[in-house]
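Here is a short report on one protein model. It goes through charge pairs, the sheet and the backbone in turn.

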Amino acid sequence: MEEEKSELRKWLESIEKELINRPEREKTFHTSSNITVNRSHFPSKIDSAYIDKIGFPGEFPYTRGIRGTMYRGKHWTMRQYAGFGSAKETNKRFRYLLDQGQTGLSVAFDLPTQIGYDSDDPMALGEVGKVGVAIDSLEDMEMLFDQISLNQVSTSMTINAPAAVLLAMYIAVAEKQGVPTEEIQGTIQNDILKEYIARGTYIYPPKASMRLITDIFAYCSENVPAFNTISISGYHIREAGSTAVQELAFTLANGIAYVEAAIAAGLDVDRFAPRLAFFFNGHNGFFEEIAKFRAARRMWANIMRNRFHAKKPKSWQLRFHTQVAGSTLTAQQPENNVVRVALQALAAVLGGTQSLHTNGKDEALSLPTEESARIALRTQQIIAHETGVSDTVDPLGGSYFIEALTDDLEREAQKYIKQIDEMGGAVAAVEKQYMQREIHRAAYDTQKRLENQEDIVVGVNKFQVGDEQQPDLMKVDEAFVEAQLKRLTAIRNRRNEKKVQELLGQLRLAARGTDNLMNVIIEAVKEYATVGEICHALRDVFGEYQG
């Protein structure tokens, strides 16, 4: 017993040392009744089982959070996912959101960009700027971040197959702004396995895709040390219809595959693991979502320490962004989505997210209007500043229900991971369509329950109203497409074409060998080689995956 008390004393002492460099937001925290709110709360008996399984905030196995003070020190990063039409229009939305108090940017790219085609490619016809911003060349990226200093903002980019190209452009913009690469902060999604499983915006076969990912790991560990090189995504797995257990299991299984690939490529686990990040879905099951986030941290800590023998505590820590569930937004009675988003966001905060995106109420119908984006951001700000949930660490820790549910989710997810391991890992499981079939089965079961009214979605299969008024929706002026194509032609006419073709040739040669591809990709984007040209050069060597 005395030993366990000693562990608590050591934790308290470590927090006091941490506070010297990272003070909390307030000297003391109080409720509205002037009752002091403690930093964290513990059971009356702290035994070895508690320390090993739940532990102290900021310490292995991180069930209670990866920071000892969590939001008492600093609130989560508040992001709004934005991107539509032209880089110029998206830049205006970015600057508006930053003016409204947003603390990080999150970029949505249009479908042609996501699958490596330029806006003037026949494959891009009718899709330019529809679901995100069109990025063809470095000039577009320069416009996207005009008057936004890249050492003052953290940027998350949802891009996968062409991730190396978009990251190269981001690095080039920072260089043009005079920002040292060590000061660039943000995350690139760069998670190709979930594309094969759930989303479909892949280009190359799995082996070539994994090579690009490990090249990014290696390049950034040396040159862009504060940038998160991958955001291993459960979000899209859940949007495709998975359960919470499947989201947890398949996401961590993919994470295991990326770590194995990087180690096989000769990288030291403690060099790249601290820059791995995760991206989870914030769904409707309030308590299940909180428990899912807690289980994810504990599982990843054990995977990294015991399976991969990582030595650094930062390598054990699962850091994650959450986006509330787009699939739960309804076109019927869209104002109800404000409530859904608030509850999903609250669950993510109670679960200890590092970064959060809240959806606009109208996103089941269109891109969010400026008003909807503002309400979504205000939702996070109200949670942060008016509810008191950020004044103590892991406020639901110790709840009989939450702790039991955390254990249950971990146990069921481990069963899936064991099966995937027996198949030869996540890449083999993807090729065998295992995870895809499991998700489809779960999605089918969910749909049947909705049809039978076993599950209720307010306004959809119960509590409907007739003659709903159509809300004002965001409209993108498609006149920008012609301007985008003209600018692309002008860029090709004024750049050094000989140099561009020379670099594309060097890229093909490097792709056939073993050199890190990031170096030549960065040189190519600086000469205004386009996304499509670079991706086509790699297609010439790697081919395309036919799923």
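Is Asp215 buried or exposed? Asp215 counts as buried, because its relative accessibility is 9%, under the 20% cut-off. The model is predicted, and the values below were computed from it.

## A salt bridge within one helix

Asp215 has a charged partner. Arg211 forms a salt bridge with Asp215. The closest N and O atoms of the two are 3.3 Å apart. Both residues sit in helix α8, which spans residues 206-223. They are 4 residues apart, so about one helical turn separates them.

Arg211 is buried too, with a relative accessible area of 18%. That value is under the 20% limit for a buried residue.

## A salt bridge across the sequence

The structure holds 43 salt bridges. One of them joins the side chains of Asp407 and Lys53, at 2.9 Å from N to O. Asp407 lies in helix α16 (residues 400-423) and Lys53 in helix α2 (residues 48-53), so the pair ties together parts that are 354 residues apart in sequence.

How accessible is Asp407? Asp407 counts as partly exposed, at 23% relative accessibility. Lys53 is also partly exposed, with a relative accessible area of 38%.

Arg539 and Glu544 meet through their side chains in a salt bridge, 2.5 Å from N to O. The two ends have unlike surroundings. Arg539 counts as buried, at 10% relative accessibility. Glu544 counts as partly exposed, at 38%.

Salt bridges also link up into a network. Its members are Asp118, Asp120, Arg492, Arg495, Glu497 and Glu533.

## Positive charge on the surface

Which residues gather in a patch of positive charge on the surface? They are Arg22, Lys74, Lys312 and Lys314.

Lys312 belongs to the loop between α12 (286-307) and α13 (313-316). The residue is partly exposed, with a relative accessible area of 43%. Patch members must have over 30% relative accessible area and no salt bridge.

## The sheet

In what order do the 9 strands of the open sheet run? The order is β5-β4-β3-β2-β1-β9-β8-β7-β6, and the pairing is parallel. The edge strands are β5 (227-228) and β6 (230-233). Each of these edge strands pairs on one side only.

Strand β3 (residues 154-158) has a neighbour on each side in that order: β4 and β2. Strand β2 (residues 104-108) runs parallel to β3 and is joined to it by 5 bridges. Here Leu105 stands opposite Thr155 in β3. β3 also pairs with strand β4 (residues 185-188), in the parallel sense, over 4 bridges. Two facing pairs can be located there. Ser156 stands opposite Thr187 in β4, and Met157 stands opposite Ile188 in β4.

## Cover over strand β3

How many of the residues of β3 are buried? The count is 5 of 5, and the strand is mostly covered.

In a regular strand the side chains alternate between the two faces of the sheet. Cover can therefore be read face by face. In β3, Ser154, Ser156 and Thr158 lie on one side. Thr155 and Met157 lie on the other. All of these are buried, so both faces of β3 are covered.

## Backbone exceptions

Most residues other than glycine have a negative phi, and most peptide bonds are trans.

Pro61 is placed in the loop between α2 and β1 (77-82).

Is Asp394 buried or exposed? Asp394 counts as buried, at 8% relative accessibility.

Gln433 is partly exposed, with a relative accessible area of 34%.

Technical notes
Residues numbered from 1 in each chain as written. Predicted model: local features only at pLDDT ≥ 70, side-chain atom pairs only at ≥ 80, totals over all residues. Heavy atoms only, no water. Patch = residues over 30% accessible without salt bridge, like charges linked within 9 Å, V, L, I, M, F, W, Y side chains within 5 Å. Areas by Shrake-Rupley, 256 points an atom, 1.4 Å probe, with all protein chains shown as cover. Salt bridge = Lys/Arg side-chain N within 4 Å of Asp/Glu carboxyl O. Lys, Arg positive; Asp, Glu negative; His and termini not counted. Charge placed at Lys NZ, Arg CZ, Asp CG, Glu CD. Helix = DSSP H or I, 4+ residues; strand = E, 2+ residues; numbered from the N terminus. Buried < 20%, exposed > 50% of the residue type's maximum accessible area, 1.4 Å probe, protein only. Pairing = 2+ DSSP bridges.
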